[in-house]
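Let us read this structure together, one feature at a time.

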Amino acid sequence: MFKTGGVKMKLKLAVFLGHFLVAFASVGEKTQPGKSGWTGKLLVVPMDGSHWTGVKAVAEEMGRRGHKVTVVIPEVSIRLGPGKHYTTKMFPVPYGQEELKQLQARNAAVSKELPFMEKITTRISNMMSFVDFLRVTAESLLFNKELVDYLRKQNFDAVLTSPAVPTGAILAYNLSLPAVYMLRGLPCGLDSTATACPEPLSYVPRFFTKSSDRMSFRQRVLNALVSIVEPVLCKVTYWSSENMASRFLQRDVSITEILRSGAIWLMRYDFTLEFPKPMMPNTVLIGGINCAVKSSLTKIIGKLENSYVREKLPNHALQVSFILEQSSNI
């Protein structure tokens with residue numbers, strides 16, 4: 001749910017999203033900034049941890065291309081930090097670096113030698129602690145009235161975030177801004193539900209079933225049963241997030257409703273490595289974005305790459321970049 005000020009607004013959004021795709025295609029490549037003559041303002045609300053790797057690369061590239069990029073991060077984090085081509089806006093959190101290290105240590109200390117039941121209870125306890133950590137961080141941002149008012153006055157054009165932790169999605173919904181989601185997937189097929197994408201049970205396996213796209217009758221029955229249970233699991237998983245969103249927006253709202261407002265979904269996988277399934281028009285596959293930073297190859301491997309890989313396997317990212325750059329000049 002975002003403002004649609006006629007054809008001009010839609011054209012502006014289309015150009016901005018085009019710049020997004022060019023930025024993704026150009027991550028790790030030595031390209032010159034685009035000459036579209038228009039720059040936008042991007043708000044980035046990242047998720048801490050490995051998710052930050054790809055989001056940071058895109059934030060840097062968008063900033064390098066002349067867009068004004070603002071990244072909102074907590075004062076205490078694992079990986080989040082400043083960059084060369086974007087500005088950071090920090091908000092206080094009620095925990096310190098030592099507590100964060102202890103949380104990481106507990107997650108890493110689960111030994112395989114523990115009794116089965118003790119291992120299960122330990123993992124559940126660690127997961128609850130992690131969920132509570134995410135909730136506290138999200139509340140520190142959303143209920144910081146001074147910061148939210150500041151972000152509202154900046155008149156951003158879009159929000160880039162990871163919907164796995166829907167803090168950024170909730171903020172984008174509140175600010176009436178188009179959200180660009182970057183993710184690998186969501187629990188219980190929530191991404192397909194939010195985009196109204198069909199997932200035929202006959203050949204699209206559900207999570208944890210370990211089935212392929214070619215299932216026997218028994219596997220299809222199991223697939224159907226799992227799909228019935230998934231909404232309940234989803235409700236439990238995102239209960240605290242829905243409660244927080246309802247308090248922030250001051251009305252009852254579901255995570256599905258919030259995610260439905262997403263303008264574009266950037267999926268961090270390649271279609272050739274997945275089972276065949278329907279895709280929605282606003283879903284873009286960006287597999288390999290986390291592999292942009294490469295180590296130098298040996299001379300022998302480098303020769304093989306030059307003589308075979310570049311000839312037989314064209315660089316898809318460069319092709320996408322070229323097409324989008326040409327489209328922006330029309």
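Q: Which residue of β7 stands opposite M267?

A: The model is a predicted one, where local features need pLDDT of at least 70, side-chain atom pairs count only at pLDDT 80 or more, and totals for chains, interfaces and linings use all residues. Residues are numbered from 1 along each chain as its sequence is written, and side-chain values use heavy atoms, with hydrogens and water left out. Strands (E, at least two residues) and helices (H or I, at least four) are DSSP runs numbered from the N terminus. Two strands pair if DSSP finds at least two bridges between them. Here, L285 in β7 stands opposite M267.

Q: How many bridges join strand β6 to β7?

A: Strand β6 (residues 262-267) is joined to β7 by 3 bridges, and the two run parallel.

Q: In what order do the strands form the sheet?

A: The open sheet has 7 strands with parallel pairing, in the order β3-β2-β1-β4-β5-β6-β7. At its edges, β3 (87-91) and β7 (283-285) each pair on one side only.

Q: Where is the disulfide?

A: A disulfide is a pair of cysteine sulfur atoms within 2.5 Å. The structure holds 1 disulfide, joining C188 to C234 with an S to S distance of 2.5 Å. The pair links distant parts of the chain, 46 residues apart: C188 lies in the loop between β5 (179-183) and α7 (190-194), and C234 in helix α8 (residues 217-237).

Q: Are C188 and C234 buried or exposed?

A: Buried means under 20% relative accessible area, exposed over 50%, and partly exposed in between (1.4 Å probe, protein chains only). Both C188 and C234 are buried.
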